[in-house]
Amino acid sequence: MAGLAVGAPPSEATGGSNPDVSLLYDINGLAADAPHWFDRVMEWVGEYGIMAAMALLMIWCWWTVRKRDDAPAAVAGLIWAPLAAGIALLVNIPIRGFVERPRPFKDHQGLDVLVAGKTDFSFVSDHATMAMAVGVGLFVANRKFGLVGIGLALIEGFCRVYMGVHYPTDVIGGFALGTSVALLLSPLAMALLTPLTRAVADSRLGRLVRSPAAVSPAAAPGDGGGDAASDGGGTADGTADGTADGAAPRSGVPGVPGARGAECDKDLAA
């Protein structure tokens, strides 16, 4: 892919028939027309801001999935997200060395480069790879948070082209690499991480995996009635005690055996 940019004719200096370079100039041209403060914001967002937002999103997702019934599996997916990003970055090392594509500002004039000091190769974008791997990893843990993470990854890719440090195909390649690692290795990662998170959930560190509300056992139905009958039922205790002792229950109501016994005692006294 390096040959696409190296030695381009003057007619292709700003893109020409190369759609990759043309799109680069179109997106980066927005930086030339934007206010200085906006370029500084985009520089910070593209270099640090998106990744900081990803970290906060992961913390929010962790706090939420702990309340689910399948909390250990969800937390395992959440742990896999940064691990997938790290593995994808390692896979990108030989890819960069094999392709050896220079940064776009080294082969094309007139680009507004917002970040200086980029001397490594361009394909594929580390930032795009890492952001998409985390986004897809979040999707494994929770779809709603995953969609937000994937959206942030798309913004990250746009920022890298806007800053003039990557071609659009560098970003697309990063998206493909991050997605592939996060999805293809997900079954193996979940098979290894889920038993670990379940073990942690059953230990003293269980709150890291499952919230207290999710682990507190609910009262079994019928327990309250059984306790009331055995412990505090005055009528039940009195009837049971009276029957066990053989004493007839007292009653002042006519027609009840207790009342009839009282009438017999009265006649004998007379």
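Asn92 is buried, with a relative accessible area of 1%. Here buried means under 20% relative accessible area, exposed means over 50%, and partly exposed lies in between (1.4 Å probe, protein chains only). Asn92 is part of helix 3. Helices (H or I, at least four residues) are DSSP runs, numbered from the N terminus. This is a predicted model, in which local features need pLDDT of at least 70 and side-chain atom pairs count only at pLDDT 80 or more, while totals for chains, interfaces and linings use all residues. Residues are numbered from 1 along each chain as its sequence is written, and side-chain values use heavy atoms, with hydrogens and water left out.

What does Asn92 touch, leaving aside neighbours within four places in sequence? The partners are Phe123, Val124, Asp126 and Leu177. Contact means heavy atoms within 4.5 Å. Asn92 also has a C-alpha separation of 8.6 Å from Gly174, 82 residues apart along the chain.

The peptide bond joining Phe123 and Val124 is cis, with omega at about -5 degrees. Val124 sits in the loop between helix 4 (104–107) and helix 5. Another loop, between helix 3 and helix 4, holds Glu100. Phi of Glu100 is near 55 degrees, a positive value in a residue other than glycine. Glu100 is partly exposed, at a relative accessible area of 44%.

**Buried residues in helices**

| Residue | Location | Relative accessible area |
|---|---|---|
| Ala81 | helix 3 | 0% |
| Arg160 | helix 6 | 1% |
| Ser186 | helix 8 | 9% |

Again without residues up to four places away in sequence, Arg160 touches Gly46, Glu47, Lys118, Ser125, His127, Val165, His166 and Val171. With neighbours within four places set aside, Ser186 contacts Trp80, Val140 and Val181. On that basis Ala81 contacts Met58, Ala133, Val134, Gly137 and Leu138. The C-alpha atoms of Ala81 and Val136 are separated by 7.2 Å, and these residues are 55 apart along the chain.

**Helix pairs**

Helix 3 and helix 7 pack at an angle of about 125 degrees, their axes 9 Å apart. Axes are lines fitted to C-alpha atoms, for helices over the stretch in contact, and angles run from 0 to 180 degrees between N-to-C directions. Helix 3 and helix 7 are therefore oblique to each other. Angles under 35 degrees count as roughly parallel, over 145 as roughly antiparallel, 65 to 115 as roughly perpendicular and the rest as oblique. Helix 3 supplies Trp80, Ala84, Ile87, Ala88, Val91, Asn92 and Ile95 to the contact, and helix 7 supplies Leu177, Gly178, Val181 and Ala182. By class, the residues of this contact of helix 3 with helix 7 are 9 nonpolar, 2 polar and no charged. Ala, Val, Leu, Ile, Met, Phe, Trp, Tyr, Cys and Pro count as nonpolar, Asp, Glu, Lys and Arg as charged, and the others, Gly among them, as polar.

Helix 5 and helix 6 pack at about 170 degrees, with axes 7 Å apart. That makes helix 5 roughly antiparallel to helix 6. On the helix 5 side, the contact residues include His127, Ala131, Met132 and Leu138. On the helix 6 side, they include Phe145, Ile150, Leu154 and Arg160. The contact of helix 5 with helix 6 has 11 nonpolar, 4 polar and 3 charged residues.

**The nonpolar core**

In soluble globular proteins, nonpolar side chains tend to be buried together. A nonpolar core is a set of buried Ala, Val, Leu, Ile, Met, Phe, Trp, Tyr and Cys residues joined through side-chain atoms within 4.5 Å. Which members of the largest nonpolar core touch the most other members? Among its 50 residues, they are Met54, Val134, Leu138 and Tyr162. At least two residues of this core come from each of helix 1 (19–33), helix 2 (36–65), helix 3 (71–99), helix 5 (126–141), helix 6 (143–162), helix 7 (168–184) and helix 8 (186–201). Another core, of 6 residues, lies apart from it, with Ala88, Val99, Val124 and Leu177 among them. Val134 contacts Met54, Met58, Ala81 and Ala85, leaving aside neighbours within four places in sequence.
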